[in-house]
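This report concerns the structure displayed below. Please keep the sequence and the coordinates at hand while reading.

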Amino acid sequence: MSVLFKNGRIKSSRKDVIRFISSIKDDEKLLKHVIEINEAHTIMLMEQKIIEDEQGVELLNALEKLKSGAKIKSWLEDIHVYVEEEVAKTAGEAGGNLHIAKSRNDQVATAIRMELREELINLMKVMLKFQKNLLKKAEKHVETIIPGYTHLRPAQPITFAHYLLCQFDAFQRNLQRLIECYVRVNGCPMGAAALAATSFPINRERIAELLGFDEVLENSIDAVGSRDFILETLGILSIIAIDISRLAEDLIIWSTPEFDLIELPDEFCSTSSIMPHKKNPDVLEVIRARMSHVIGNFTVCALTLKSLPSGYNLDFQEVTPKLWESLQKVNESLNILSDLMMLCKPKEQTTESPTLTFSTLTELVKLLFQKHGVPFRTAHKIVGAFVRRLSEHGLTLKDATPEMLKETAEEIAGVPLKISASDLKAADVIGFVKTHNIQGGPSPTEVRRMLDSRKNLLTSMNVQVAEIEAKL
């Protein structure tokens, strides 16, 4: 048991019990913040004339010394006990006043928020790098045609740049979520003490100012007894994890010989221990698995927090390590994925590609409606039956004739058509992509406009994140 608490209310605790409840290993991450909290608190105590300046100076000198000479003992209960014991050794009698008007409860809540601020800023910067690489890659593939999929079946032609912009936009929303979350993280619990604040005439706003917080978390019960900011962060990380996993899944599937749409870089793959021809997407598979851990951590923490009464509970210390683990996994995966995306090579599909066969036939439906006056749903039925007829005979659009379509229209809908060979060419792959030039479409013209827009957005977001970091 720590000497701070020995022979107090608890005479002694078993060493194995102390080890069992100890958070000291996970607390090491918070050491610098706990020291800073104690420095800010000491300065405030001096300014408020709660302690003498001479005592405050001794405390500050002891804390400063601790920054460079910390040797954390594994048997201690937590980092706050360690700091207080070390300061007491150096500052002597003054060290006994370090804990005036505060508790471990408000300290740990503050330290977690301080570390989380830095972690969130770092993740924002990693995400900005990832988005930058997506735009760089997209610029090179504005006219690289690939099939777009629904239900994992070829649907309509798009471009690789169009797909990458889809990913950019999804992660832009994630970035905005992180920024919004940061605002709620950046509130200071200090001064709430254990639960009911303190009768000492402290200045909570001054501590918040010294520690770089935007506001004080006012209600003392809420300040020490809430961990919704952790749950919110984990929720956002879970959304990011889902987006990362779906991107990894696309790349894994598209790089298979059956799809053959993407060539993954060798340095992100490995081979089989027995089959020399294999090129396995190991990195992407590990990313996909680790994103499951992130989502699992959110679930574990939600279940832990949902059953707790108000106020501080030691269950909280089981939640925080899950937060750091999730942040690490998302950071590492995004960094790896960012480099992988720059090196992967899409394989442009020809107009004869089997995956693009029939994928442009919405244009034939459109032609029957616009040129021949066939109601849309009837035209849809005719073209669907036309595809079935071709497929049953092992034919493609290249083999189709106007007569086949006329016969189908007559048979299915009793509609007489005057179709020419040029009408059938309305379903040209390149033409399809070019004519889909409405806002957000895959046409090169529209994709270039979106690229310019996203570059401007990226510049703006870099400035915003830099401003957030500078405030600290």
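## Basis of the model

This is a predicted model, in which local features need pLDDT of at least 70 and side-chain atom pairs count only at pLDDT 80 or more, while totals for chains, interfaces and linings use all residues. Residues are numbered from 1 along each chain as its sequence is written, and side-chain values use heavy atoms, with hydrogens and water left out.

Helices (H or I, at least four residues) and strands (E, at least two) are DSSP runs, numbered from the N terminus.

Strand β1 (residues 145-150) and strand β2 (residues 153-159) run antiparallel and are joined by six bridges; two strands pair if DSSP finds at least two bridges between them. Ile146 has Ile158 in β2 as its bridge partner, and Pro147 is partnered by Pro157 in β2.

The two strands form a hairpin with two residues between them. In the turn, His151 has a positive phi of about 55°.

## Salt bridges between parts of the chain

Side chains of opposite charge can pair when their charged atoms come close. A salt bridge is defined here as a side-chain nitrogen of Lys or Arg within 4 Å of a carboxyl oxygen of Asp or Glu, and the count comes to 26 salt bridges. One of them joins Lys32 and Glu118, with the closest N and O atoms 3.0 Å apart. Lys32 lies in helix α3 (residues 31-47) and Glu118 in helix α6 (residues 104-139), so the pair ties together parts that are 86 residues apart in sequence.

Exposure is classed by relative accessible area: buried means under 20%, exposed over 50%, and partly exposed in between (1.4 Å probe, protein chains only). Lys32 is partly exposed at 43%, and Glu118 is also partly exposed, at 32%.

## A salt-bridge network

Asp260, Glu263, Asp266, Lys279 and Lys347 are linked in a network of salt bridges. Within this group, the side chains of Glu263 and Lys347 meet at 3.4 Å, N to O. Glu263 lies in strand β5 (residues 262-263) and Lys347 in the loop between β6 (345-346) and α13 (362-372), so this pair ties together parts that are 84 residues apart in sequence. Glu263 is partly exposed at 33% relative accessibility, and Lys347 is partly exposed at 27%.

Asp266 forms a salt bridge with Lys279, the closest N and O atoms being 2.8 Å apart. Asp266 and Lys279 are both placed in the loop between β5 and α11 (282-306), 13 residues apart. Asp266 counts as exposed at 55% relative accessibility, whereas Lys279 counts as partly exposed at 35%.

## A negative surface patch

Glu52, Asp53, Glu54, Glu58 and Glu93 form a negative surface patch. Patch residues have over 30% relative accessible area and no salt bridge, and like charges are joined within 9 Å; the place of a charge is taken as CG of Asp or CD of Glu. Asp and Glu count as negative. Accessible areas come from the Shrake-Rupley method with a 1.4 Å probe.

Glu54 is exposed, with a relative accessible area of 54%.

## A contact across the sequence

Pro444 lies in helix α18 (residues 444-471) and is buried, with a relative accessible area of 10%. Pro444 and His162 are 282 residues apart in sequence, and their C-alpha atoms are 8.6 Å apart in space.

Key. Patches are made of residues with over 30% relative accessible area and no salt bridge: like charges are joined within 9 Å, nonpolar side chains (Val, Leu, Ile, Met, Phe, Trp, Tyr) within 5 Å.
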